[in-house]
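Please read them with the structure open.

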Amino acid sequence: MVTSVLPRVESLASSGIQSIPKEYIRPQEELTSIGNVFEEEKKEEGPQVPTIDLTEIESEDKEVQERCRQELKKAAMEWGVMHLVNHGISEELMDRVRKVGQKFFELPVEEKEKYANDQSSGNVQGYGSKLANNASGQLEWEDYFFHLIFPEDKRDLSIWPKIPSEYTEVTSEYARQLRALASKILSALSICLGLEEGRLEKEVGGVEELLLQLKINYYPKCPQPELALGVEAHTDISALTFILHNMVPGLQLFYQGKWVTAKCVPNSIIMHIGDTIEILSNGKFKSILHRGLVNKEKVRISWAVFCEPPKDKIILKPLPETVSETEPPLFPPRTFAQHIEHKLFRKTQDNLSN
């Protein structure tokens, strides 16, 4: 395994470099598709990421509720990503989450290093940057902070930021509210598949075992944004992912053979369907390929919460109700841990063959 000790991306960005180190330059075939994110976001023509209004998701009026579910179902089947509005989490709480995360990243790098993770020993919680340990040796233009935020009894508060002092209180409250939103979404998606309301939640670990992992992604300004990516193209391994951001564009989705830039929708939470739900639904709900662009002018920060099943306790495979003679299972049975291994293996093979 090739690991190289490189400075944090933030340190690189603030050092005054005019050109980025070669490890950050994307392969030639990718460069043709990387444009200016601000211009891309302004485009009105072409497909746009759907916006789903959740006001009526628990409506007493069954007809109104069903209409809301059908919109959610259509977005999950066609896109696998959407802007959620009227999701029940207050604008004030979302602003506080953004504020405490931003304050942490405003600390000097040496202060943040006190929280550094140690990826080589498998300790991924804490402050980090991607290591050049894949076959291509490629790096991403971001630093991050990663930690488990729910269930509360599984947290390790000793590695949570102490500065700002309100970080733990705000992040914990957000985690509780997001966990309730995840249940709401999983219920609706279950019904959309013709399943019992609580089925998907049960299949991904239920109240006890579904883990919420927060990754705060910090994308510094980049002197050559047309050559780099903040996050390379991937699908999420999670069941669902919920994303807040600081209203700087960057997220792109690979839809119908083209990269589509997500607009910044005020007070929305972006939600991805992850591989786990794609597998359980036998591909009916999509886990979409996506990536993050960077820019010269503005720091971008996003708060991604991955809702993940336990690593070894559950076998992920298409649910029997989603399989028929005409729709055979598209995915072999694997634990979540095996699914992660399988993806890493495939990626390594791809890199070696390029």
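1. Basis. This is a predicted model: local features need pLDDT of at least 70, side-chain atom pairs count only at pLDDT 80 or more, and totals for chains, interfaces and linings use all residues. Residues are numbered from 1 along each chain as its sequence is written, and side-chain values use heavy atoms, with hydrogens and water left out.

2. Helix crossing. Helix H4 spans residues 62–78 and helix H7 residues 167–192. Their axes come within 10 Å and cross at roughly 85°. H4 and H7 are therefore roughly perpendicular to each other (65 to 115 degrees). Helices here are DSSP runs of H or I, at least four residues, and strands are runs of E, at least two, numbered from the N terminus. Axes are lines fitted to C-alpha atoms, for helices over the stretch in contact, with angles from 0 to 180 degrees between N-to-C directions.

3. Who makes that contact? H4 supplies Arg69, Leu72, Lys73 and Ala76. H7 supplies Ala188, Leu189, Ile191 and Cys192. Contact means heavy atoms within 4.5 Å. The contact residues divide into 6 nonpolar, no polar and 2 charged. Ala, Val, Leu, Ile, Met, Phe, Trp, Tyr, Cys and Pro count as nonpolar, Asp, Glu, Lys and Arg as charged, and the others, Gly among them, as polar.

4. UniProt lists residues 206–309 as "domain: Fe2OG dioxygenase", in an unreviewed entry. Such annotations may be inferred rather than shown by experiment. Over residues 206–309 the chain is 10% helix and 43% strand. The end C-alpha atoms of this stretch are 9 Å apart.

5. Cysteines. The whole structure has 0 disulfides, a disulfide being a pair of cysteine sulfur atoms within 2.5 Å. The sulfur of Cys68 has its closest cysteine sulfur in Cys192, 9.2 Å away, too far for a bond. For Cys222 the closest is in Cys264, at 18 Å, also too far. Cys68 is buried, at 4% relative accessible area. Cys222 is buried too, at 1%. Buried means under 20%, exposed over 50%, partly exposed in between (1.4 Å probe, protein chains only).

6. Ser172 lies in helix H7 and is buried, with a relative accessible area of 6%. Leaving aside residues up to four places away in sequence, Ser172 touches Glu152, Arg155 and Trp160. Glu173 is also in H7, but counts as partly exposed at 27%.

Key: Parallel < 35°, antiparallel > 145°, perpendicular 65-115°, else oblique.
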